[in-house]
Amino acid sequence: MLSILRKARLKDKELRILMLGLDNAGKTTIVKKIMNEDVNTVSPTLGFIIKTIDFHGYKLNIWDVGGQKTIRSYWRNYFEKTDALIWVVDATDKLRIDDCKAELKGLLQEERLAGASLLVFLNKTDVAGGMDEQEVTRVLELERILTHRWVVVSCSAMTGKNLETGLDWVVQDARDRLFLY
Ligand SMILES: Nc1nc2c(ncn2[C@@H]2O[C@H](COP(=O)(O)OP(=O)(O)OP(=O)(O)O)[C@@H](O)[C@H]2O)c(=O)[nH]1
Ligand SMILES: [Mg+2]
């Protein structure tokens, strides 16, 4: 049933994308940059923000949800009908990488996210000395993920680097999985 609904939505070329990650990872800044908005005026997200982006003929409904620890229990309110999960990792935040790993692991066990593909955005790679794709793949044990299709893309919400590349993958993957054009 769920997959029929998904296909119906894909026919309208519409995707529901859930963007999560620890607080301060850069989720809201990524969305702002994609929307060509000023990236210098972000503040922590206490609830959620939905933005609709027209992307190569697809309508992407991006749900940007606040990641502070006290509000992570609300993430579950947004799982339903998610086509893709974008997990945003702060490449400079090595101190909290275990926390990041544990939260992601929990999400991947959620039944309601079972059909979603996973884009890991390794953000803030404009800053020197951060983790690279290889390191984050190893530390987050991404190779162990067999339940979801996944990819890691290093990006920067400040410069805009690879943000389109990531979204391209999300759209392409949805098309591949759901046999639609
Ligand atoms: N250097 C650099 N700083 C970034 C980048 N992306 C975000 N930041 C900064 O990181 C801080 C947090 O960014 P937000 O976009 O608010 O982070 P968030 O993930 O939405 O945080 P919550 O809403 O609390 O979950 C801000 O000071 C941003 O300017 C980036 O790619 N490079
Ligand atoms: Mg935010």
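Hi everyone, let me start at one histidine: apart from its neighbours within four places in sequence, His148 is in contact with Leu108, Leu113, Ala114 and Ala116, where contact means heavy atoms within 4.5 Å. Before going on, a word on the source: this is a predicted model, in which local features need pLDDT of at least 70 and side-chain atom pairs count only at pLDDT 80 or more, while totals for chains, interfaces and linings use all residues. Residues are numbered from 1 along each chain as its sequence is written, chains are lettered from A and ligands numbered from 1 in the order in which they are written, and side-chain values use heavy atoms, with hydrogens and water left out.

Back to the histidine. His148 sits in the loop between α4 (133-139) and β6 (150-154). Helices here are DSSP runs of H or I with at least four residues, strands are runs of E with at least two, and both are numbered from the N terminus. Is His148 buried or exposed? His148 counts as buried because its relative accessibility is 7%. Buried means under 20% relative accessible area, exposed means over 50%, and partly exposed is in between, using a 1.4 Å probe and protein chains only.

The side chain of His148 also has polar partners. One of its polar atoms lies 3.1 Å from the backbone oxygen of Leu113, and a polar contact of 2.8 Å joins the side chains of His148 and Thr147. A polar contact is a pair of N or O atoms within 3.5 Å; within protein, one must be able to donate a hydrogen and the other to accept it, and residues adjacent in sequence count only if both atoms are side-chain atoms.

Leu108 takes us to helix α3. This helix covers residues 97-108, has 12 residues and reaches 16 Å from its first C-alpha to its last, close to the 16 Å expected at 1.5 Å a residue. That expected span is 1.5 Å times one less than the number of residues. Which residues of α3 are buried? They are Ile97, Cys100, Leu104, Leu107 and Leu108. These residues cover an arc of only 95 degrees around the axis, so they are on the same side of α3; the arc is that of the directions from the helix axis to the C-beta atoms. What covers them includes β1 (14-20), β4 (84-90), β5 (117-123) and α4. On the face turned away from the buried side, α3 carries the exposed residues Asp98 and Lys105.

Now to the ligands. Ligand 1 is surrounded by 20 residues, and the closest are Lys27, Thr29, Thr45, Gly67 and Asp126; a residue is near a molecule if one of its heavy atoms lies within 4 Å of it. Backbone atoms come up here too: an oxygen atom of ligand 1 is 2.7 Å from a polar backbone atom of Gly67, and one is 3.0 Å from a polar backbone atom of Asn24. A backbone N or O atom of Ala25 lies 3.2 Å from an oxygen atom of ligand 1.

Ligand 2 is a magnesium ion, and its protein donors are Thr28 (OG1) and Thr45 (OG1), lying 2.0 Å from it. Thr28 lies in helix α2 (residues 27-34) and Thr45 in the loop between α2 and β2 (48-55), so the pair ties together parts that are 17 residues apart in sequence. Donors are N, O and S atoms within 2.8 Å of the metal (3.2 Å for Na, K and Ca), and sites may look incomplete because water is not among the atoms. Thr28 is buried at 14% relative accessibility, and Thr45 is buried at 13%.

Helix α2 itself is largely enclosed by the rest of the structure, because six of its eight residues are buried. Those residues are Lys27, Thr28, Thr29, Ile30, Val31 and Lys32. They pack against β1, β2, β3 (58-65), β4, β5 and α5 (163-178).

One last stop is Arg16, in strand β1. Arg16 counts as buried, at 16% relative accessibility. Polar atoms of its side chain lie 3.0 Å from the backbone oxygen of Tyr78 and 3.0 Å from that of Glu80. How far apart are Arg16 and Lys81 in space? Their C-alpha atoms are 7.0 Å apart, although 65 residues separate them in sequence. Lys81 lies in the loop between β3 and β4, and has a positive phi near 65 degrees without being a glycine.
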